[in-house]
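Subject: Structure handover

Dear colleague,

I am passing on the structure below, followed by some notes on what came out of it. Please read them alongside the coordinates.

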Amino acid sequence: MTRNRPTLAGLMAGAAMALVAGAPAFAQEGPIRIGVLEDQSGDFAAATMVKVHAIELAAKEINDAGGIDGRPVELVVYDTQSDNRRYQEFMRRVLQSDKVDVVFAGFSSASREAYRPIVNQFDGLAFYNNQYEGGVCDNNMIVTGAVPEQQFSTLIPWMMEEYGPNVYTLAADYNFGQISAEWVRQIVEENGGTMVGEEFIPLGVSQFGQTIQNIQATEADFVVTLLVGAAQASYYEQASSASVGLPMASSVNVGQGYEHKRFTPPSLANMFVTTNYIEEIDTPASKDFVERFHAMFPDEPYINQEAANSYIAMNLYKQMVERAGTTDHDAIRAVLAEGDVCFDGPSGNVCLDPKSQHMSHTIYLAKVNDDHSISFPKVWEDIKPYWLGEAGCDLTKNDPSAQYTPSSPPPAQ
Amino acid sequence: MTEILKVHGLRKAFGGVVVANGIDFSLSAGAMHCLIGPNGAGKSSFFRLLLGEHTPDAGTITFDGSDITGLRSFQRIRRGISVKFQVPGIFKALSVRQNLEVAFQEHRHGQSLSATVREMLDFTDLRGEDKTPAGILSHGQQQWLEIAMAVGVEPKLLLLDEPTAGMSPDETRKTGEMLHDLNSRGITILAVEHDMAFVEQIARRVTVLHFGSIFAEGTIAEIIDHPGVQEIYLGAADD
Amino acid sequence: MALFQSVFAMLYQFGDTFAFLVISCAGLAVIFGMMGVINLAHGEFIMCGAYVTASAARGGLPLPLAILTGALVAGAVGMVVERLVIRHLYQRPLDSIIATWGISLIATQGVLIVLGSTMQGIGTPLGSIDVGGRSYSLYRLVLMACALGLLGGLYLLFYHSRFGVIARATIQKPQMAYALGVNTGRMYGLTFGLGAALAGLAGGLYAPTMTMVPTMGATFIVESFVTVVVGGADIFVGAAPAAAILALIKAGLTAWYGQLFGQIGLLVTVILVIRILPGGLSGWLKGTTR
Amino acid sequence: MTISKTSSGSRARTFLTRLEGPQTMGRGPAFWIAVTVAAAAAAAYPLIADAWTVGNAAYFLIWTFMAMGLSVIWGYAGVLSFGQTAFFGLAGYAYGVITLNLGAAYGLTILALVLAVVIGGLFALVIGYFMFYGRIQGVFIGIVTLSVTLVLETFMAQTAGPQWRIGEARLNGFNGMSGMPPLTLPWFGGDIVLYPGPSLYYLLLGLVVVSYLGLRIMLNSRFGNVLVAIRENPHRVAMLGYDVRLYQTLAFAIGGAFAALSGALYTAWGQYITPSSMGLTSAALPIVWVAVGGRRDITATLIGTIIVLAGFQMLTIYGSQYALIVMGGLLLVTVLVAPQGLVVGAMTLLGRIFRRGKS
């Protein structure tokens with residue numbers, strides 16, 4: 001059970017932190033202001049409260065260590081209520097009125113698309129720290145979340161080798177689900193497998209009787225579940241009670257909404273997820289991160305991949321500003337273009353790709369056991385976000401500010 | 001005299017309940033006519049059929065020389081039929097003036113709307129009440145207001161469903177005068193009424209409806225003396 | 001065998017959808033049919049029932065008792081809401097829509113703040129059975145039985161009990177009932193409470209099969225509204241056949257064209273039914289049988 | 001309608017006298033001075049406020065059209081529509097599709113705005129025809145309109161695939177359509193691009209003033225008279241020879257066109273439109289604004305909408321997750337304590353005090 005803290009407290013905590021940490025000798029330029037737009041209420045709150053906390057943790061650590069280039073970090077936090085309109089209102093506010101240097105914003109892809117035109121209009125800089133369907137080629141955006149090529153090029157071949165070549169995809173019927181399903185289809189075919197079924201579920205559907213039968217009617221060896229939202233998550237319980245019994249593969253569960261903690265075992269048993277971070281990861285860096293996190297937020301229900309991404313993003317930004325010697329966006333992009341902006345954090349070493357401004361990841365294969373504990377049968381290091389760059393997005397040369405998909409790639413140069 | 005309304009073989013049943021059982025009825029222009037009958041005789045249903053609120057199963061309604069059987073309510077009103085309901089059908093939250101404006105704004109006798117409204121305020125004795133919300137008028141005043149509104153569409157035929165229900169004797173008498181006034185302006189009047197004194201005051205001829213059919217028709221004296229009519233009223237009273 | 005398997009599969013899907021529609025609409029139908037109030041907080045009463053059921057079940061109560069507790073608590077909450085809010089709005093049906101929507105906002109967000117964004121589920125009991133090589137959840141067969149039981153129970157309650165007779169009299173002729181010494185205020189309170197309790201029951205019955213979140217009521221609300229509207233004001237004449245027809249449409253469309261068409265098909269059906277049969281199925285059925 | 005033989009001058013005068021009337025609160029010099037002061041203050045606002053505040057105020061103005069349209073349908077004609085967002089969303093997408101295909105040159109965005117409003121209004125006309133001529137009444141109107149907007153939302157949410165495109169414009173499913181140009185005015189020596197800021201603010205302010213005065217005139221005209229009469233007693237209105245269905249359909253179309261205007265402006269403002277703008281929560285918002293302000297008066301609706309929008313934004317900034325609870329509470333309080341609306345209640349109170357002060 002989560003217990004949400006009111007944002008006001010978060011806001012004040014951020015401000016207070018800046019004040020307290022401001023006591024040591026900071027440079028004269030004043031604080032670096034960081035806008036944080038995350039959903040602290042509404043549908044997505046369960047997965048996003050922790051992102052705010054991760055940013056607060058990073059801000060505290062940075063300030064304790066003397067700030068960014070001697071300047072303290074100050075957070076400007078707004079609750080976007082899982083409402084796209086609030087993103088539009090508040091993105092305008094942080095860029096125009098609060099005049100922040102950088103923004104950390106957005107959970108759903110819809111929210112990112114809602115605020116992206118505004119970031120472009122004011123030539124702001126925004127970090128999107130979410131795992132998503134990929135394809136954003138925009139100079140004003142830096143994406144630290146994992147993208148399909150990173151999660152599926154690892155997950156699908158491994159699953160096929162382990163369980164067989166017949167794949168059934170069950171995906172939410174919107175951009176993320178459709179594009180991810182496209183990736184799955186492509187990778188299955190490249191590896192000589194067969195798609196025995198593909199089904200798209202409208203958002204908000206909670207009854208899966210027919211779907212479960214459809215799956216049972218095929219010879220599927222495993223099911224790729226790309227389901228999103230609380231309503232669709234009812235699938236696992238219903239499939240488990242109907243004893244479907246097939247292994248499941250996903251890029252979206254566990255690492256984000258910690259379903260293995262929320263659902264009653266064994267409904268998620270035999271689920272395999274590729275994620276770039278979850279709190280169960282057993283490395284010293286991860287354990288240390290979890291410890292520090294819980295020291296500051298003892299009640300945190302779960303530290304998910306987005307929390308790690310947000311924490312990493314703060315540190316990457318610190319590094320780029322310090323190397324550029326300024327918060328000027330062009331200077332920061334020049335640093336990024338050097339191609340060696342990396343950070344060895346809780347999830348291992350990660351680097352920003354200058355062409356797409358996406359991030360490389362260590363990809364962990366997390367397996368949910370019968371008692372919903374997690375084991376890691378496989379780890380892939382340094383998986384690059386290769387697709388955008390290969391498809392023709394090169395932000396060091398031009399800025400189309402567009403989102404591409406495998407079926408509508410960048411126009412040929 | 002020409003016939004303004006002619007009804008032929010009008011039939012309507014709801015399931016097993018026959019509310020109009022082949023009614024033949026006609027009304028000459030300029031008449032003042034009353035429709036009486038015991039409860040459930042089909043008087044209100046007959047009005048609804050005339051107004052187009054019920055579609056008849058069979059029969060025709062001819063008004064002012066043309067067949068209106070297939071027309072919708074508002075189209076019949078525009079041809080010149082108007083109605084005042086038993087329960088005052090006024091716009092309670094609107095002022096008396098607005099009530100009259102809505103009724104008159106489409107039809108005026110060549111004078112401005114405000115002049116028309118003034119005239120109707122005089123007619124209904126509601127001078128000084130023009131800004132009062134209609135809902136707080138006395139019951140009698142509401143009835144008069146609705147009569148005035150019903151006149152607003154410049155009807156040739158005015159249907160009145162128990163216009164004096166709930167009125168004091170004084171108000172009833174005044175209503176009778178009002179109706180005579182309207183009739184003298186050339187409006188044919190057909191009223192459903194229970195109060196025989198009032199029927200005597202206004203009607204020249206009376207039709208008795210019973211079980212959805214015309215039972216008798218004649219002058220008021222003929223009807224009062226009609227043995228069958230007494231029987232059905234007494235019979236109804238026994239129920 | 002293959003034939004038997006596919007017939008069973010079809011029946012199971014139909015029954016599953018039918019049960020969902022009947023169980024989720026019963027509370028709404030009682031409140032709308034008996035009182036003419038459109039209760040937009042219906043989903044939140046469902047959520048209330050589900051949360052109480054889950055808490056009680058995890059507190060050690062056997063599931064059937066936990067579900068009953070959920071229904072009773074939702075019913076009690078419903079009676080309080082009726083007393084404080086709904087009672088003042090019987091003359092203003094449009095305003096009661098607004099008020100119940102306000103209640104729904106407060107309930108959803110209040111639960112989010114107090115209990116957090118998710119609650120741990122309780123797991124589906126009873127396991128599965130194997131029919132012709134495919135496995136089916138047994139609990140969902142129980143749900144189908146519950147739906148039939150619910151219809152029967154409501155029929156008995158409203159047509160063969162003192163409460164039912166008085167309730168129907170009160171709703172049809174409130175002044176008359178009042179004159180005959182019926183405490184009409186209490187009847188309205190009880191009827192609304194019954195509707196809320198039925199919503200709570202729906203929440204309790206489906207709690208083991210769903211993700212528990214404050215907004216979970218929303219997944220019921222469209223289906224229940226559609227069923228009630230298609231059924232018309234008289235729930236006994238209308239709701240059961242409406243649920244059957246809608247289940248057929250939804251299960252059919254879902255099976256052949258996928259979930260999207262199942263969803264859209266329901267909404268289009270409701271628009272068409274309102275257009276063709278303004279009184280709903282019950283109005284139409286009554287009109288032809290008289 | 002009969003046309004009286006009056007000179008065009010006096011006709012213009014009757015036209016203007018309709019700015020006041022029984023259907024709208026506020027009359028007499030004091031009221032119009034207040035209106036002028038308010039408009040002047042609004043016009044002077046960008047001189048004292050910073051760019052964000054002005055852009056944000058422009059954003060609030062965008063929604064007032066939808067609210068005023070709902071006030072016409074619900075407050076005046078007595079028909080509660082739960083689906084104004086259907087017309088809002090349709091027009092938003094129409095603006096996107098047209099501008100993405102035609103571009104922003106030669107004032108084509110203005111044409112797109114007009115077309116979007118026409119499309120939204122026509123759609124409302126069709127839906128209205130379908131409902132009112134199909135004898136759908138009362139709460140069922142709410143359910144049908146809600147179903148319509150939910151169907152549109154469900155449908156649009158799954159149009160992510162590349163096959164869902166109209167010309168150059170990808171519908172782009174749940175994530176929403178973006179990249180359409182903002183409103184652009186052709187001007188000598190280069191187009192003026194109306195990004196959220198003073199220029200857009202002035203355009204919107206002008207539109208609000210024109211719409212507000214225009215609606216006042218319409219509501220106090222014969223048409224408005226009939227609308228409120230229908231709200232009070234549709235049966236009587238039919239028995240006065242009016243085709244009630246026609247009036248209801250027209251009112252619904254007008255309300256829909258205003259919602260469409262909001263939708264197209266919103267899309268131009270944020271260069272973005274999503275299916276969720278047609279969802280349940282979005283659909284309910286206009287009802288909150290209008291109910292809280294006072295649905296039966298266009299002035300109260302206008303003031304109420306801006307107050308509620310600004311209030312909720314402040315709540316979100318400072319009260320965060322309690323915003324929705326306050327919103328629900330506000331609805332309950334309005335319905336139970338001041339059913340005619342909080343602004344109407346306040347205005348009545350003020351009027352009473354004012355009158356007492358004078359006498």
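UniProt positions are given here in the numbering used for this structure, and an annotation may be inferred rather than shown by experiment. With that in mind, the unreviewed UniProt entry lists residues 31-371 of chain A as "domain: Leucine-binding protein". In this model, which is predicted, the end C-alpha atoms of that span lie 47 Å apart, and the span is 43% helix and 22% strand.

Turning to the sheet in chain A, seven strands make up an open arrangement with mixed pairing, in the order β8-β7-β9-β10-β11-β15-β16. Because β8 (194-201) and β16 (374-383) of chain A stand at the edges with a single partner strand each, one side of each has no neighbour in the sheet. From one strand to the next, the twist averages 20°. Within this sheet, β9 (residues 222-226) and β10 (residues 248-250) of chain A pair in the parallel sense over two bridges, and Val224(A) has Ala249(A) as its bridge partner in β10(A). Helix α5 (residues 148-163) of chain A lies across β9, β10, β11 (271-275), β15 (361-368) and β16 of chain A, and runs at about 40° to β15(A).

As for the largest nonpolar core, which has 422 residues, the members that touch the most others are Met91(A), Ala91(D), Ala116(D) and Ala260(D). Helix α1 (residues 2-35) of chain C gives the most to this core, with 17 residues. Domain 1 (7-146 + 281-361 + 383-403) and domain 2 (149-250) of chain A both give residues to this core, so the core lies between them.

Best regards

Key
Residues numbered from 1 in each chain as written. Chains lettered and ligands numbered in written order. Predicted model: local features only at pLDDT ≥ 70, side-chain atom pairs only at ≥ 80, totals over all residues. Helix = DSSP H or I, 4+ residues; strand = E, 2+ residues; numbered from the N terminus. Pairing = 2+ DSSP bridges. Axes fitted to C-alpha atoms, helices over the stretch in contact; angles between N-to-C directions. Contact = placed C-beta atoms within 7 Å. Core = buried A, V, L, I, M, F, W, Y, C linked by C-beta atoms within 7 Å. Buried ≥ 20, exposed ≤ 12 C-beta atoms within 10 Å, placed from the backbone. Domains from an automatic or database assignment.
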